[in-house]
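Q: I'm new to this one. Can you walk me through it?
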Amino acid sequence: FSECAVSVAAQAADIEWIITDDGSSDDAATSYRQIVDTVAGHVPVQFITLPQRSGLSRARNVALENARGRWVIVLDSDDRLAPNLSSELIALPSHLGLIAFEAAYFNDDAYEVRRIRYFEQLFTSYGGTILDPFLWFDFYYHGIVAQKNLLRRIGGYLDELEVGEDQDILFRAVEALPRGEVHFVHKIGYEYRDNPAGVCRQQWDAVKCNYTATMLAAANRRGANFRDCRFAGTKDVDGCQVDQYEYLTVRGEWLSWDTGQIAHQEMQGLSA
């Protein structure tokens with residue numbers, strides 16, 4: 001958490017920091033406050049303590065309800081913001097609704113930058129369709145960066161998704177925007193910690209279940225008629241390993257992005 005706090009305090013532009021405590025022990029909560037008092041500096045901070053453990057979605061929605069700024073950046077307590085993130089956001093045109101930055105994926109032994117040019121190219125051609133790269137690759141690590149009013153307009157996070165909630169709200173946000181209001185920035189904005197004690201490691205089965213269910217629903221809202229979705233390992237993109245997913249057609253065939261033109265024709269037929 002101390003690295004997270006330092007990264008917030010290092011932001012050059014004016015920001016607010018809303019910390020939602022979802023069931024921490026009294027000792028842990030005290031420790032968090034002491035860290036914030038030590039490093040937050042000029043950043044105004046709201047501490048919100050939930051009366052009982054409610055899950056990630058409810059915690060994020062409470063923060064969203066209390067947010068006052070234009071942009072919302074969702075930051076997990078073990079991750080870090082890149083120093084330039086707030087300045088980059090302020091410089092962007094006001095009509096944009098969702099921003100995808102490049103991300104770094106790190107632990108104590110490694111630091112890997114995940115580029116987004118490949119996915120931007122796919123989105124430019126297929127955004128909003130059943131070939132939308134957001135539906136096939138989990139390249140958006142992990143905190144959403146979006147206009148506050150957009151997230152409120154789509155109803156925020158689904159409270160019933162206590163884990164694996166970020167995919168669902170990402171899909172609904174993209175669906176609520178014209179393609180030109182989703183913007184890609186070729187700079188690191190978010191640093192995601194590969195934490196063995198984190199939710200994705202400790203509750204991966206539950207996360208994967210919610211991911212695949214919400215991905216399947218999103219694909220079918222786009223006009224597909226898929227029967228199932230599954231995690232399909234990783235794909236090398238610009239030297240980095242990115243999670244990818246596959247969908248089951250009504251004919252019992254699993255489709256991945258790498259089935260190429262055959263998959264393209266198949267999905268066009270499903271959406272016709």
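A: One term to begin with: contact, or touching, means heavy atoms within 4.5 Å. Also, this is a predicted model.

Q: OK, what does Phe134 touch, not counting residues up to four places away in sequence?
A: Phe134 touches Phe123, Phe139, Tyr140, Leu170, Phe171, Val174, Val182, Phe184 and Met215.

Q: And which residues of the largest nonpolar core touch the most other members?
A: Phe134 is one of them, along with Leu98, Ile99, Ile144 and Tyr247. That core has 75 residues. Its largest share, 6 residues, comes from helix H9, residues 204–221.

Q: Why would nonpolar side chains be together like that?
A: In soluble globular proteins, nonpolar side chains tend to be buried together.

Q: Switching to strands. In which sense do S1 and S2 pair?
A: Parallel, over 5 bridges. Strand S1 covers residues 17–21 and strand S2 covers residues 45–49. Ile18 has Gln46 in S2 as its bridge partner. Between the two strands the chain passes through helix H2, residues 26–39, and this β-α-β crossover is right-handed.

Q: What covers the buried residues of H3?
A: The cover includes S1 and S2, as well as strand S3 (71–73) and helix H6 (148–153).

Q: Which residues of H3 are those?
A: Helix H3 spans residues 56–66, and its buried residues are Ser57, Ala59, Arg60, Asn61, Val62, Ala63 and Leu64.

Q: What about S8, which strands does it pair with?
A: Strand S5, residues 98–106, runs parallel to S8 and is joined to it by 9 bridges. In that pairing, Glu102 has Ile188 in S8 as its bridge partner. Strand S4, residues 80–81, pairs with S8, residues 182–193, in the antiparallel sense over 2 bridges. There, Leu81 stands opposite Tyr190 of S8.

Q: Now Gln11. Where is it found?
A: Gln11 is in the loop between helix H1 (2–9) and S1.

Q: Is Gln11 buried or exposed?
A: Buried, because its relative accessible area is 3% and the cut-off for buried is under 20%.

Q: What is Gln11 in contact with, leaving aside neighbours within four places in sequence?
A: His42, Leu81, Ala82, Pro83, Asn84, Leu85 and Ser86.

Q: Which backbone oxygen lies 2.9 Å from a polar atom of the Gln11 side chain?
A: The backbone oxygen of Ala82.

Technical notes. Residues are numbered from 1 along each chain as its sequence is written. This is a predicted model: local features need pLDDT of at least 70, side-chain atom pairs count only at pLDDT 80 or more; totals for chains, interfaces and linings use all residues. Side-chain values use heavy atoms; hydrogens and water are left out. Two strands pair if DSSP finds at least two bridges between them. Helices (H or I, at least four residues) and strands (E, at least two) are DSSP runs, numbered from the N terminus. A crossover is right-handed if, with the strands pointing away from the viewer, the path from the first strand over the helix to the second runs clockwise. Buried means under 20% relative accessible area, exposed over 50%, partly exposed in between (1.4 Å probe, protein chains only). A polar contact is a pair of N or O atoms within 3.5 Å; within protein, one must be able to donate a hydrogen and the other to accept it, and residues adjacent in sequence count only if both atoms are side-chain atoms. A nonpolar core is a set of buried Ala, Val, Leu, Ile, Met, Phe, Trp, Tyr and Cys residues joined through side-chain atoms within 4.5 Å.
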